Amino acid sequence: FNYVKLAKAWKHKGEYFRKMGDADRMEYIKKLRSLGVIGDNANANEIAAILKEARFEDWFSSNRATEMLNDFYKAAKTFYGFGDDLYKLMGFENEKDKLMKYGGLTESAAEKKAAQRIRNNYPTYGKTGKAIKWLARFPLLGTFVNFPAEVVHTTYNNLETIHEDWTTPGMKRAAIERAIGMSLVMAVPFIIQALSADAEDLDDEDLEAIRIQAPPWQRNSNFVILGRDEEGRLEYLDISFLDPYGYWKRPITAM
């Protein structure tokens, strides 16, 4: 990522929430919605689907109460979705720049191609299969099934994109950058864990001891060792919840 693009993405937050404001920025937001770059988030749309099926509006006889509920629902969905869409906006601008710089595409062609890649390479509700959406309603499986399914899906798509760029004239550098980026994202939690453990002079056996004593949901997590308390007991933070690719790594850690 070129994080300079994050500033451009953040600049459009007013138009994103209010759906009004600066005409040029509003046109930009409308264009990205029409391209499917934003407004199709895995978690936000799963929540929307559940609320729609729950038919909360049927519980109220007052039209005013129903209107207030709908307003709250729309605001919550928009606010929740912005967290994902902010990075999709940034990703779109990065992809567009690379396609124009390395691939020689026109701006219009680069925008369409970049939008396609964002939909394929970021968790997107519209790309989730019907079977996964059905499983999301199955009470024994758990909540937010769409997101981990999309993580698996987008990992494969990113590898496909690397292969496509590697075999496309002029795009080989983009393929290398994406491969390095994916490798770093996969490795960072392990690097942080190793550095923090080394700072406290802990080895693999010590980390394994933490896992054995940890609650079941942390057995295969990555930890940051924070130090020791006044009685010499280790303190740590589970950082796996910050890692979307943790779904791939937990089985490896378990083995």
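Asp-22 sits in the loop that links α2 (13-18) to α3; helices here are DSSP runs of H or I with at least four residues, strands are runs of E with at least two, and both are numbered from the N terminus. With a relative accessibility of 38%, Asp-22 counts as partly exposed. On this scale, buried means under 20% relative accessible area, exposed means over 50%, and partly exposed lies in between (1.4 Å probe, protein chains only). From Asp-22 to Asn-41 the distance is 25 Å, C-alpha to C-alpha, and the two are 19 residues apart in sequence.

The model is predicted: local features need pLDDT of at least 70, side-chain atom pairs count only at pLDDT 80 or more, and totals for chains, interfaces and linings use all residues. Residues are numbered from 1 along each chain as its sequence is written, and side-chain values use heavy atoms, with hydrogens and water left out.

## Overall layout

The protein has 11 helices and two strands. Along the sequence they follow the pattern α-α-α-α-α-α-α-α-α-α-β-β-α. Taken along the principal axes, the C-alpha atoms fill a box of roughly 60 × 60 × 35 Å.

Of the 255 residues in the protein, 36% are buried. A contact means heavy atoms within 4.5 Å. Among contacts with a separation of 6 or more, 58% are between residues 24 or more positions apart.

## Helix α5 and its partners

Two packed helices are described by the angle between their axes and the distance between the axes. Axes are lines fitted to C-alpha atoms, for helices over the stretch in contact, and angles run from 0 to 180 degrees between N-to-C directions. Helix α1 (residues 4-11) packs against helix α5 (residues 63-101) at an angle of about 125 degrees, and their axes are 9 Å apart. The two helices are therefore oblique to each other; angles under 35 degrees count as roughly parallel, over 145 as roughly antiparallel, 65 to 115 as roughly perpendicular and the rest as oblique. On the α1 side the contact is made by Lys-5, Leu-6, Lys-8, Ala-9 and Trp-10, and on the α5 side by Phe-82, Leu-86, Leu-89, Met-90, Glu-93, Asn-94 and Asp-97. By class, this contact of α1 with α5 has seven nonpolar, one polar and four charged residues. In this grouping Ala, Val, Leu, Ile, Met, Phe, Trp, Tyr, Cys and Pro count as nonpolar, Asp, Glu, Lys and Arg as charged, and the others, Gly among them, as polar.

Helix α3 (residues 23-35) also meets α5: the axes come within 12 Å and cross at roughly 85 degrees. That angle makes α3 roughly perpendicular to α5. Tyr-28, Leu-32 and Leu-35 of α3 are in contact with Leu-89, Phe-92 and Glu-93 of α5. The classes in the contact of α3 with α5 are five nonpolar, no polar and one charged.

## The nonpolar cores

A nonpolar core is a set of buried Ala, Val, Leu, Ile, Met, Phe, Trp, Tyr and Cys residues joined through side-chain atoms within 4.5 Å. The largest one has 21 residues, and those with the most contacts inside it are Leu-32, Val-37, Ile-38, Leu-89 and Phe-92. At least two residues of this core come from each of α3, α5 and α6 (107-121). The most come from α5, which gives five residues. Apart from this core lies another, of six residues, among them Leu-202, Leu-207, Ile-210 and Phe-223.

Leaving aside residues up to four places away in sequence, Phe-92 touches Tyr-28, Leu-32, Leu-35, Val-37, Glu-111, Ala-114, Ala-115 and Ile-118.

## Lys-88 in helix α5

Lys-88 lies in helix α5. Is Lys-88 buried or exposed? With a relative accessible area of 2%, Lys-88 is buried. Not counting residues up to four places away in sequence, Lys-88 touches Val-37, Asp-40, Asn-41, Ile-118, Tyr-122, Pro-123 and Thr-124. Lys-88 and Gly-39 are 49 residues apart in sequence, with 9.9 Å between their C-alpha atoms.

## Helices α6 and α8

The axes of α6 and helix α8 (residues 146-166) come within 8 Å and cross at roughly 145 degrees. Lys-113, Arg-117, Asn-120 and Asn-121 in α6 meet Thr-154, Asn-157, Asn-158, Thr-161, Glu-164 and Asp-165 in α8. By class, the contact of α6 with α8 has no nonpolar, six polar and four charged residues.
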